[in-house]
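Here are a few exercises to work through with the model open in your viewer. Try each one yourself before you read its solution.

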Amino acid sequence: MSEHIDRRNFLARMWQAGGGLLAGVAAWTTWDVMRPLASTGFGGLVRSVKPDAVAGEAVIEVPAARSYLTDVNGEIVALSEKCTHLGCRVPFCESSGLFECPCHGSVFNRAGDYVAGPAPRGMDRYPVEVAEDGFVYIDTGDRIDGPAPGSAQVDSTPKGPSCAAEGEG
Ligand code: FES
């Protein structure tokens, strides 16, 4: 009889130990999947904003990634701020709704597509990923050439006066 109870106790303890081990493995696996990505600064992954901030026609500057985030037909796109002509920083002009390079006048629409000027292509891009922590990460270590001229994904019509023209006046 006591041997029967000992055997029961032994089996119960084995089940408990197995359950504890499974719970530990599950917790570790969950943490490994859920933990935030490491933000390593320009040249690597850069944590930026939550996707909600990139809504409508918003253009969000992310200085740490030297880039802009914008929504292109429902997809978040990261555009390099470096002009594809000779590398000047290209600011976004709120009044025209276009990117306007101050150096030699290249113009790009909100999606970074080529509009005018000596630039050979649209603004370069970086891959983006929404991580488990809910933030958009920009992979600045993996630059992708911008699209060839003639491939506009959004309207390229100026909304108003260009910033370059305002500066001249
Ligand atoms: S560097 Fe931008 S147009 Fe030349």
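This is a predicted model: local features need pLDDT of at least 70, side-chain atom pairs count only at pLDDT 80 or more; totals for chains, interfaces and linings use all residues.

**Exercise 1. A charged network**

Is Asp-124 buried or partly exposed?

- Step 1: Start with the accessibility. Asp-124 comes out at 5% relative accessibility, so it counts as buried, the cut-off being under 20%.
- Step 2: Look for its partner. The side chain of Asp-124 meets that of Arg-121 in a salt bridge, at 2.9 Å from N to O. Arg-121 has 21% relative accessibility and counts as partly exposed.
- Step 3: Stay on Arg-121. It also forms a salt bridge with Asp-145, where the closest N and O atoms are 3.5 Å apart.
- Step 4: Asp-145 is partly exposed, with a relative accessible area of 47%.
- Step 5: Through shared partners, salt bridges join Arg-121, Asp-124, Arg-143 and Asp-145 into one network.

**Exercise 2. Another salt bridge**

Solution. 

- Step 1: Arg-89 is partly exposed, at a relative accessible area of 39%, whereas Glu-81 counts as buried at 13%.
- Step 2: For the overall tally, the structure has eight salt bridges.

**Exercise 3. Sorting out the cysteines**

How many disulfides does the whole structure hold?

Solution. 

- Step 1: The search turns up two disulfides.
- Step 2: Take Cys-88 and Cys-103, whose sulfur atoms are 1.9 Å apart. The angle about their S-S bond is -100 degrees, which makes the link left-handed.
- Step 3: Where do these two cysteines lie? Cys-88 is in the loop between strand 4 (75-80) and strand 5 (92-93), and Cys-103 is in the loop between strand 6 (98-100) and strand 7 (107-108), so the pair ties together parts that are 15 residues apart in sequence. Cys-88 is partly exposed at 21%, and Cys-103 counts as partly exposed at 37%.
- Step 4: Now Cys-93 and Cys-163, joined with an S to S distance of 2.1 Å. Here the angle is 90 degrees about the S-S bond, and the link is right-handed.
- Step 5: This pair links distant parts of the chain, with Cys-93 in strand 5 and Cys-163 in helix 2 (residues 163-168), 70 residues apart. Cys-93 is buried at 1%, while Cys-163 is partly exposed at 34%.
- Step 6: Number the bonded cysteines in sequence order, and the pairing reads 1-3, 2-4.

**Exercise 4. Rings and charges**

What is the geometry of the Phe-92 and Phe-99 pair? Then find the arginines that lie over the faces of Phe-135 and Phe-42.

Solution. 

- Step 1: Decide what you need. A pair of aromatic rings is described by the distance of the centres and the angle of the planes.
- Step 2: There are two aromatic pairs in the structure. In the one made by Phe-92 and Phe-99, the ring centres are 5.0 Å apart and the planes stand at 65 degrees, so the pair is edge-to-face.
- Step 3: Check the cover. Phe-92 counts as buried at 17% relative accessibility, and Phe-99 is buried at 0%.
- Step 4: Now the charges. Arg-47 lies over the face of Phe-135, at 3.9 Å from the ring centre, and Arg-66 lies over the face of Phe-42, at 3.9 Å from the ring centre.

**Exercise 5. A nonpolar patch**

Which residues make the nonpolar surface patch of about 530 Å²?

Solution. 

- Step 1: The patch is made by Phe-10, Leu-11, Met-14 and Trp-15.
- Step 2: Pick out Met-14, which lies in helix 1 (residues 2-34). At 47% relative accessibility, Met-14 counts as partly exposed.

Technical notes:
Residues are numbered from 1 along each chain as its sequence is written. Side-chain values use heavy atoms; hydrogens and water are left out. Rings of Phe, Tyr and Trp (its six-membered ring) pair if their centres lie within 6.5 Å; planes under 30 degrees apart count as stacked, over 60 as edge-to-face and the rest as tilted. Buried means under 20% relative accessible area, exposed over 50%, partly exposed in between (1.4 Å probe, protein chains only). A charge sits over a ring if NZ of Lys or CZ of Arg is within 6 Å of the ring centre and within 35 degrees of the ring normal. A disulfide is a pair of cysteine sulfur atoms within 2.5 Å. Helices (H or I, at least four residues) and strands (E, at least two) are DSSP runs, numbered from the N terminus. Patches are made of residues with over 30% relative accessible area and no salt bridge: like charges are joined within 9 Å, nonpolar side chains (Val, Leu, Ile, Met, Phe, Trp, Tyr) within 5 Å. Accessible areas come from the Shrake-Rupley method with a 1.4 Å probe; for residues, only the protein chains shown count as cover. A salt bridge is a side-chain nitrogen of Lys or Arg within 4 Å of a carboxyl oxygen of Asp or Glu.
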